Amino acid sequence: MNSKTLGYIIKRILLAALTVWCVITITFFVMHAVPGGPFLSEKSVSESVRQALEAKYGLDKPLFEQYLTYLKGIVFHFDFGPSIKQRGRLVIDIIADGMKVSAKLGVIAAIIALIMGVLLGSCAALNRNKFVDRLIMVISTAFVSMPSFIMGTFLLLLFAVKLNVLPANGAAAGGLILPVITLSLSPMSHVTRLTRSSMLDVLGQDYIRTAKAKGVSKWGVVFKHALKNSLIPVITYVGPMLAYIVTGSLVVEKIYSVPGIGRAFVNSITSRDYPLIMGTTIVLSVLIVISNLVSDIMYKIVDPRISFE
């Protein structure tokens, strides 16, 4: 690794840390600015009990002091604190349990989206303006245009309610099939369209015509020359794709009752569980920042002509 590459990575890591700090700061102050509190929904709680609960969780202190205390706990101890609503549980434990399911869901959905998207996009490009090409483009456009909660509800009604072939509960055996399909359809369609347009551009380049003139077989041209160079826009999309899967899983996990970090995040918002809101926000933002950093570094691996400046 040369000094230029190392310098680029260090700069991106510092920018990533700054981004996460901005997310923490904005989320913390906006969250406390919303009227209400985590104990207002408690039934039959007197004013003295509410004040005691606020003192227990440090919510009676000045807001900026709470902010500094929270930052200190994260930076020096990686401590997100205890959950307010799930009594007796630490936020880090809740997130760890949820990530076991969400990570599996997200990784499988991302792999399916990439593989199927590249295959369908390549097939469409090699059959340009034919029936197969038009069919793939119509289907991909439909999937791109449909929000994940609409697609999730449709698949749930079709396969779980009408046909009764797949479970509706994400915690049951085989329960991740429908959530994985729901999460992978939209990014798969984006990858399909990117691969098609990029491959059509690459197939018209001079070096492709030179390879054909030298007698390289059709599939040799496709796999050895065209496909590799057409993957650069796809790699560019990997970061946003992972971000979509992470954020999309928040709604999808709620629809299918998947016991992942997405459902925990949604429930924390509705119950005003401040520590859990902050913890899940930080973890999700870190995942998104890291995925974008990795996709940027992969540019160089795929195309050595790209320099880190």
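A pocket is an open set of grid points with protein on both sides within 12 Å along at least five of seven lines. In this predicted model, the second largest pocket has a volume of about 350 Å³. Its lining comprises 18 residues. Closest to the centre are A103, G106, V107, V246 and L287. Two or more lining residues come from each of α4 (91-126), α10 (232-255) and α12. The largest share belongs to α4, with eight residues. By class, the lining of this second largest pocket holds 14 nonpolar and four polar residues. Charged residues are absent from it.

The elements contributing two or more residues are α1 (3-33), α3 (63-77) and α12 (274-302). Of the elements, α3 gives the most, with six residues. The lining of the largest pocket divides into eleven nonpolar, seven polar and four charged residues.

Cysteines were also examined. A search of the whole structure returned zero disulfides. C22 has a relative accessibility of 31% and therefore counts as partly exposed. C123 is likewise partly exposed because its relative accessible area is 30%.

Terms used
Residues numbered from 1 in each chain as written. Predicted model: local features only at pLDDT ≥ 70, side-chain atom pairs only at ≥ 80, totals over all residues. Heavy atoms only, no water. Disulfide = S-S within 2.5 Å. Buried < 20%, exposed > 50% of the residue type's maximum accessible area, 1.4 Å probe, protein only. Helix = DSSP H or I, 4+ residues; strand = E, 2+ residues; numbered from the N terminus. Nonpolar A, V, L, I, M, F, W, Y, C, P; charged D, E, K, R; others polar. 1 Å grid on protein atoms, 1.4 Å probe; cavity = no way out; pocket = protein on both sides within 12 Å on 5 of 7 lines; lining within 4 Å. Points joined across faces, edges and corners; volume = space filled by probe spheres on them.
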